[in-house]
Amino acid sequence: MKKIQKISLIILSLCVLLPSLSLAAASPLPKPGSAKIETAEDIGGLINDVATFLYGLLLAVAVIFGLIAAFGYLTSAGDSTKIGKASKQLLFAAVAIVVAIAAWGLSKLIPNILGLK
């Protein structure tokens with residue numbers, strides 16, 4: 001039974017991750033040394049790029065944690081320790097979503113406060 005659970009979790013994770021990997025090829029990476037920071041707007045752009053990357057990464061991690069928690073609930077069979085573990089995982093997923101939204105929001109808020117584009 002444990003093998004079936006692990007295999008189904010791997011398949012479910014691949015179904016979530018593989019479509020998002022196709023989006024990674026949408027924008028080409030800049031050549032090394034081509035991105036130069038010369039003005040304050042360049043710093044704001046760099047902060048925005050890092051925050052956007054972290055936003056996407058944290059959301060992906062939160063979705064994976066949410067799926068693992070849901071799978072834990074489904075396979076708990078009324079065991080209170082497994083239900084408690086799944087509840088904690090779901091709480092961590094919710095915290096990851098809040099942190100991701102805060103990172104994205106701050107990346108939009110700080111340039112507006114500083115008067116940057």
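Buried means under 20% relative accessible area, exposed over 50%, and partly exposed in between, with a 1.4 Å probe and protein chains only. By that cut-off, buried residues make up 13% of the 117 residues in the chain.

The model is predicted: local features need pLDDT of at least 70, side-chain atom pairs count only at pLDDT 80 or more, and totals for chains, interfaces and linings use all residues. Residues are numbered from 1 along each chain as its sequence is written, and side-chain values use heavy atoms, leaving out hydrogens and water.

The chain has 3 helices and 0 strands, in the order α-α-α along the sequence. Helices (H or I, at least four residues) and strands (E, at least two) are DSSP runs, numbered from the N terminus. Of the contacts (heavy atoms within 4.5 Å) between residues at least 6 apart in sequence, 67% join residues at least 24 apart.

Helix 3 (residues 80-114) has 35 residues and reaches 50 Å from its first C-alpha to its last, close to the 51 Å expected at 1.5 Å a residue. The expected span is 1.5 Å times one less than the number of residues. Its buried residues are Ala86, Gln89, Ala93, Ala96, Ala100, Ser107 and Pro111.

| Residue | Phi | Note |
|---|---|---|
| Gly115 | near 80 degrees | follows helix 3 |
| Ala77 | about 55 degrees | not a glycine |

Ala77 is in the loop between helix 2 and helix 3. Ala77 is exposed, with a relative accessible area of 77%.
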